[in-house]
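Visitor: I am new to this structure, and I would like to look closely at one part of it before turning to the rest. Could you take me through a single residue and then its wider surroundings?

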Amino acid sequence: MEFKYAAELKKQFTCYGHFYELVLMNGETAKCRSVLEIVDTSIPQETPSDISEMEPDVVVIMMNPGSSHPKDDAHVVGRIEYPRPGGGNRKELVLTQPDNTQYQVMRVAVSQGWRHIRVLNLSDLRDPKSGKFLQKVDALAGIIGGHVHSLFCPERNEECAHSLKRKNRTPILLGWGQDLGLLPLVEQCLGRIEGEPTCTVASDVHPLLNAHPSPMLQKKKILWLETIVESLGN
C-alpha cells in the first residue's frame, strides 16, 4: 500500500480533541482527553463540536492520549466529575496537533476511504511515558471513584455507548500495545465491546494485547499497516 507522509496527511485531515480536568472525590485533579476526532477536510468544521455528535466511519481504541494537548496554549479546559447526570453526548472540541500514531491511523483511513475516525483510549489520562501513566492508573485505583478516568467504566456507560456508534458497524480497530500492566483496563474495555467486530495486529506477549500502530522502525510501521489493511479485506 502507498505510505503517505505526514506533510501530505496534514493537508487532508484535521484533528480535534476534547480536553478536560477530571475532578476526583478526594479533590485531586488529572489532565485528560476523552476523544480525538480525525476528520477529512471535506467534512464541515465551522463548529467543530458538532463533530462529536456525528457517527464516524470507524472507531479506534488505543492506550491513552500520551502528550496530546490543545494547539492553543491559552485554551482553558473545563472540569468534569463523574458520575455526570445529564451531561449529554456533545463535547467541546478544539484543534490538536497529530502525532506519529495518528498518522498511521490516517493511512489506514486513506486505504479504506474513511473520512471520519474517532479515537478512544483505555484511559483518558494524558501522559507521554507509559511507565508513569501506569503508575498513575495504579495510584487512582486506590482512590474511591478513581477508576472513572476510563471511558469504559460503568459510570460512563451512556457516554461510551455514544462514542462507539459508527456507520455500517465497521470493525473497531484495537491498538493499545503490549504492556502487561494494561490488562485490567483491557479486560474492562473488552467487556464493554463484547460482540462487536474488531480488527487488530496480534501480540506475542498476551492474547488480550496487540501491536502498537506506530513502532519505531519504518519497516515495522509498514508491516502493521499492511497487516491491518489485509485484515480489513481491502
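Guide: In this predicted model, Ser 163 has a relative accessible area of 4%, and because that falls under the 20% cut-off, Ser 163 counts as buried. Ser 163 belongs to helix α4, and a polar atom of its side chain lies 2.9 Å from the backbone oxygen of Glu 159. If we set aside the neighbours within four places in sequence, Ser 163 is in contact with Val 59, Lys 91, Arg 118, Leu 120 and Leu 151. Val 119 stands 44 residues away from Ser 163 in sequence, yet the two C-alpha atoms are 9.2 Å apart in space.

From here we can turn to the nonpolar cores. The largest nonpolar core has 40 residues, and those with the most contacts inside it are Ile 61, Leu 122, Phe 133, Leu 164, Trp 176, Leu 182 and Ile 193. Helix α4 (157-164) is among the elements that give two or more residues to this core, as are the strands β1 (13-23), β2 (29-40), β3 (58-62) and β7 (172-175) and the helices α3 (130-141) and α5 (183-192). A second, separate core has 25 residues, including Val 119, together with Phe 13, Ile 38 and Val 108. In soluble globular proteins, nonpolar side chains tend to be buried together.

Returning to the largest core, we can follow Phe 133, which, leaving aside its neighbours within four places in sequence, is in contact with Met 63, Asn 64, Ser 123, Leu 125, Asp 127, Leu 182 and Leu 185.

Note on methods: Residues are numbered from 1 along each chain as its sequence is written. This is a predicted model: local features need pLDDT of at least 70, side-chain atom pairs count only at pLDDT 80 or more; totals for chains, interfaces and linings use all residues. Side-chain values use heavy atoms; hydrogens and water are left out. A nonpolar core is a set of buried Ala, Val, Leu, Ile, Met, Phe, Trp, Tyr and Cys residues joined through side-chain atoms within 4.5 Å. Buried means under 20% relative accessible area, exposed over 50%, partly exposed in between (1.4 Å probe, protein chains only). Helices (H or I, at least four residues) and strands (E, at least two) are DSSP runs, numbered from the N terminus. Contact means heavy atoms within 4.5 Å. A polar contact is a pair of N or O atoms within 3.5 Å; within protein, one must be able to donate a hydrogen and the other to accept it, and residues adjacent in sequence count only if both atoms are side-chain atoms.
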